[in-house]
Amino acid sequence: MRDLAFIAFLLAFFAMGFKRPFLLVLVYVYIDIVSPQRLTYLLLNSVPISLIAVALAVGGWILADDKRDTRVGGRQVLIVLLLLYCWGTTIAADFPAEAKEKWDWVWKALAFAAFLPLTLRTRVRIEALLLFMILAASSIIVVGGIKTIASGGGGYGQLNLMVDNNSGLYEGSTISAVAIAIIPIIIWFMSHGTIFKPDWRVKSYCLALVFACLLIPVGTSTRTGLLCIGLLALLSIRNVKRKVAYLAMLGVLGVAAIPFLPSTFTSRMNTIKTYDADESASTRLAVWQWTIEYAKTHPFGGGFNAYLGNRIRYDLKTAPGTTGPASAAPATPKVEVDKARAYHSAYFEMLGEQGYPGLALWLAINLIGIVRMEIVRRRYRDPDGEFAWAGPLAAALQSGHIVYLLGAAFIAIAFQPFIYMLIGAQIGLDTYLSRKRSEQSFRPMRRSTAPSPA
Amino acid sequence: MIDNLALGLSHGLMMLAAFLLLKRPDLDREPSPHDAPEKKRAPVEKPRRDA
């Protein structure tokens, strides 16, 4: 039954795409985020719908879209360079078969990120892209939010998000970082949306969705998610007028929320303090150390999944109070040996897999985004100007991006396609506004010859 | 049950958004000062055809 509903939805969506080719881009965004082929048991998982969607989206752009005054952002070039560089490291990878497996999805994410801004030629398109990213992610977030309330939290790795293979956005830590990163964009829709006019229904839905987003780190008991919430609260200080009142309100809300948090969540969050007694945190530190050493001998990276070659030893301190009768004894070190431990950090993922040049490219793509959005945010600050929506949107995209960069410190999500779409939206906004600026400087010349209003 | 509810809600909203986008002429084209005023003013019926 669900299969049929998905097929009907996709067919209708594709059909609309033939009328308005830009919708085909949105079809691909939807398929990439929701992966309907993984939610169904028959039919869809035997058809390469993702490939069909991307072929139609690119074909639609080539054949039908207006390409006058197409601008290419500097970061699109960097993304293409990163793509080519990753291709090179994949050929020379330590583990060619495993590297190729990751390359198979990474190149699509990068290529789509480089293509996406070319299609974002109007304000409505930028908005539509962000709307579909949020709605598609909401199909996972709403499930997670309701289940968290219903069950009182599933504990780490327990929340059932419909798909059990723990990949893409369905992975607990990833969805909790992404859910927090999109909150500023959801809030932007509450005052600047034009597809769904921000009336009381849209605002209530947005608030409910923000609440569901905040519940995802609780439901999945991910420590990274909690850090992301903290960072987002700090970042939003600059957008509020009464800063002291806002801080006080945050404090009260935070304290008031504690009794409602499930014990699985609070007990796991307490492990942030005793990170050296925690296997997950200790292996991270050991893997990061290993990666730094590895990069000394492999400055150009070991190709995707190079972590498979690591063998690490790390000291695990026994936390006081966790060893039963001997709990009064001081913490004693215990040596653990492990191999093929994943990076658990996008920064080290880039360093180990793509070496220093890859890390530099990746950092450039991300940091330039933060800087560019800051420039746009300041330039379009005027709340009464023609582009009053652009400044707050740049601020929202920037905040989401900063939250992602914090989450990425603890999760290996350097190539998460969702984030590349966010970067694509940033580039699209930037090139759109620079096109508009050049049109405005063109206008006075036109007026001198044709005095008709623009 | 919860899965289907959440999927139904998000997919319903996406369908509605796609439908609303079909009716937005400014999805594909925004007025630009590069448009020659006399020539480009005429094909106003172009967006109407889609609506």
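Some housekeeping. Residues are numbered from 1 along each chain as its sequence is written, and chains are lettered from A and ligands numbered from 1 in the order in which they are written. Since the model is predicted, local features need pLDDT of at least 70 and side-chain atom pairs count only at pLDDT 80 or more, while totals for chains, interfaces and linings use all residues.

I'll start with the chains. Chain A has 17 helices and two strands. Helices here are DSSP runs of H or I with at least four residues, strands are runs of E with at least two, and both are numbered from the N terminus. Chain B has three helices and zero strands, in the order α-α-α along its sequence.

Next, burial. A residue is buried if 20 or more other C-beta atoms lie within 10 Å of its own, exposed if 12 or fewer, and partly exposed in between, with C-beta atoms placed from the backbone. In chain A, 45% of the 454 residues are buried. In chain B, the figure is 18% of 51 residues.

Where do the two chains meet? Contact means that the C-beta atoms of two residues, placed from the backbone, lie within 7 Å. The classes are simple: Ala, Val, Leu, Ile, Met, Phe, Trp, Tyr, Cys and Pro are nonpolar, Asp, Glu, Lys and Arg are charged, and the others, Gly among them, are polar.

Now the inside of chain A. Among its contacts with a separation of 6 or more, 78% join residues 24 or more positions apart. The chain is split into domain 1 (1-65), domain 2 (75-269 + 345-443) and domain 3 (274-339), with bounds from an automatic or database domain assignment.

Domains 1 and 2 of chain A have centres 23 Å apart, taken over C-alpha atoms. Between them, 15 residues of domain 1 are in contact with 19 residues of domain 2. On the domain 1 side, α2, α3 (36-39) and α4 (49-64) of chain A each give two or more residues. Which of these gives the most? That is α2(A), with eight residues. The domain 1 side divides into eleven nonpolar, one polar and three charged residues.

Two packed helices are described by the angle between their axes and the distance between the axes. The axes are lines fitted to C-alpha atoms, for helices over the stretch in contact, and the angles run from 0 to 180 degrees between N-to-C directions.

One partner is α1(A), residues 2-19, whose axis is 6 Å from that of α2(A), at an angle of about 150°. That makes the two roughly antiparallel; angles over 145 degrees count as such, under 35 as roughly parallel, 65 to 115 as roughly perpendicular and the rest as oblique. F13(A), F14(A), M16(A) and G17(A) of α1(A) meet L23(A), L24(A) and V27(A) of α2(A). Six of these contact residues are nonpolar, one is polar and none is charged.

Another partner is α7(A), residues 123-151, where the axes come within 9 Å and cross at roughly 25°. These two are therefore roughly parallel. On the α2(A) side the contact includes F22(A), L26(A) and V29(A), and on the α7(A) side it includes R125(A), F132(A) and M133(A). The contact residues are twelve nonpolar, one polar and one charged.

How many of the ten residues of helix α8 are buried? Ten of the ten, across residues 172-181, so α8(A) is largely enclosed by the rest of the structure.

By contrast, V335(A) is exposed, with 8 other C-beta atoms within 10 Å. V335(A) sits in strand β2, residues 333-339. Its C-alpha atom is 5.6 Å from that of Y314(A), a residue 21 positions away along the chain.
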